[in-house]
Amino acid sequence: VAGSGPGGLAAGVRRRPLILSRTDDDSWDITEGVGATALSVARARAAESSQSRPLFTDPYAEHFVAAAVAAGWQSSFAGEALADNRFMQAMAAYIAVRTRYFDDFFSAAGLDQVVILAAGLDTRAWRLPWISGTVVYELDQPKVLEFKDEVLREHRAEPAARYVAVPVDLRHDWPQALRDKGFDPARPTAWLAEGLLPYLTAADQDLLFARIHQLSAVGSRVAVEAFSSEFFDPERLAQRRERLRAVADAAAAAGRPVPETEQLWYLESRSDVAGWLKQHGWDVAAISSPALLEHYGRPAPDDADEAVPGSLFVQGCLVSAK
């Protein structure tokens, strides 16, 4: 959810980009490209889980980080100097609140067919309580799901629901891949799109929701981390880059690569998610990211509010037939 801009690195330290720009049909492992962002989120979830009063507990997040570090991955935003940075603390709070919000979505949905899109290192199939007979489908790049499976098997983790991995690129024919794994479009489904949309083009975002809609029976629910025009506003992005320069300095001084997350995004105007869902028969509720942080008691400090993306958390329930 964060990007870093050029300039401002510590003297004598060469800036070393961690992530390259996107291509139309790119793929990635867990330690590169979009995959590496899942590791950064796992690190934030592990840190939240170690708090005295965490918003959630993810006992598996630290295992993913440890396995990646053993394979040579380095977290750019580690160390005491970064841990004490208020901007980084606000970013971590955002990830914690986002995680808890979507945890609560599944708890309230009460549906036994679940699809997590671009699942990354999500562990809800293992750590949340599910109603009897629930099946959780996870879609992501094959190498990402392979890494997750290897780590969880090594630690003998058992899912709390029937878990089905669907290794597929969301830019390809994922609905057919999902059906091939046993997904039933006649059953109401709980859908999740968390930390996904900026990594899709505007056209691919529209196609994603069109496919979700076509696969959803009445009573289906969807939860989305959507991004307003404010998120993609050049001035706001420039402000975030400016605030991240001090963080980049500290990371570079510690000899860690600086991630180029923003190069992974498609910075273009796109459909309003809440409006799109309403137009297609979904009953919609939404809350802004600052309001959500307030709700969970983790508001960003005034001097670090740029750390909180201009996002909108949207939930929808399909109330009318297609």
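This is a predicted model: local features need pLDDT of at least 70, side-chain atom pairs count only at pLDDT 80 or more; totals for chains, interfaces and linings use all residues.

Colleague: How many helices and strands does the protein have?

Modeller: Helices (H or I, at least four residues) and strands (E, at least two) are DSSP runs, numbered from the N terminus. The protein has 11 helices and 7 strands.

Colleague: What share of the residues count as buried?

Modeller: Buried means under 20% relative accessible area, exposed over 50%, and partly exposed in between, with a 1.4 Å probe and protein chains only. By that criterion, 53% of the 322 residues are buried. The accessible surface, from the Shrake-Rupley method with a 1.4 Å probe where, for residues, only the protein chains shown count as cover, comes to about 14100 Å², and 49% of this belongs to carbon and sulfur atoms.

Colleague: Among contacts between residues at least 6 apart in sequence, what percentage join residues at least 24 apart?

Modeller: Contact means heavy atoms within 4.5 Å. The percentage is 80%.

Colleague: Let us turn to salt bridges. How many does the structure hold?

Modeller: Side chains of opposite charge can pair when their charged atoms come close. A salt bridge here is a side-chain nitrogen of Lys or Arg within 4 Å of a carboxyl oxygen of Asp or Glu. The structure holds 13 of them. In one, the closest N and O atoms of Arg98 and Glu194 are 3.2 Å apart. Arg98 belongs to helix 4 (residues 86–109) and Glu194 to the loop between strand 4 (190–193) and helix 8 (202–214), so this pair ties together parts that are 96 residues apart in sequence. Both residues, Arg98 and Glu194, are buried.

Colleague: Which residue pairs with Asp103?

Modeller: Asp103 forms a salt bridge with Arg127, at 2.9 Å from N to O. Because Asp103 lies in helix 4 and Arg127 in helix 5 (residues 124–127), the pair joins parts that are 24 residues apart in sequence. Asp103 is buried at 5% relative accessibility, and Arg127 is buried at 17%. Arg98, Asp103, Arg127 and Glu194 are among the residues linked in a network of salt bridges, which also includes Arg45, Asp122, Arg124 and Glu225.

Colleague: Are Arg187 and Asp112 buried or partly exposed?

Modeller: Arg187 is partly exposed at 27% relative accessibility, and Asp112 is partly exposed at 28%. Their side chains meet in a salt bridge of 2.8 Å, N to O. Arg187 is in the loop between helix 7 (174–180) and strand 4, and Asp112 is in the loop between helix 4 and strand 1 (113–117), 75 residues apart.

Colleague: How does one describe two packed helices?

Modeller: Two packed helices are described by the angle between their axes and the distance between the axes. Axes are lines fitted to C-alpha atoms, for helices over the stretch in contact, and angles run from 0 to 180 degrees between N-to-C directions. Here the axes of helix 2 (residues 61–70) and helix 6 (residues 142–154) come within 10 Å and cross at roughly 110 degrees. Angles under 35 degrees count as roughly parallel, over 145 as roughly antiparallel, 65 to 115 as roughly perpendicular and the rest as oblique. Helix 2 and helix 6 are therefore roughly perpendicular to each other.

Colleague: Which residues meet between helix 2 and helix 6?

Modeller: His63, Phe64, Ala67 and Ala68 of helix 2 meet Phe147, Lys148, Val151 and Leu152 of helix 6.

Colleague: Where is Val136, and what is it in contact with?

Modeller: Val136 is in strand 2 (residues 135–140) and is buried, with a relative accessible area of 0%. Leaving aside neighbours within four places in sequence, its contacts include Val114, Ile116, Trp130 and Tyr163.

Colleague: Finally, what is the phi of Ala118?

Modeller: Ala118 has a positive phi of about 50 degrees although it is not a glycine. Ala118 lies in the loop between strand 1 and helix 5 and is partly exposed, at 25%. Arg156, in the loop between helix 6 and strand 3 (162–167), has a positive phi near 55 degrees and is exposed at 74% relative accessibility.

Key:
Residues are numbered from 1 along each chain as its sequence is written. Side-chain values use heavy atoms; hydrogens and water are left out.
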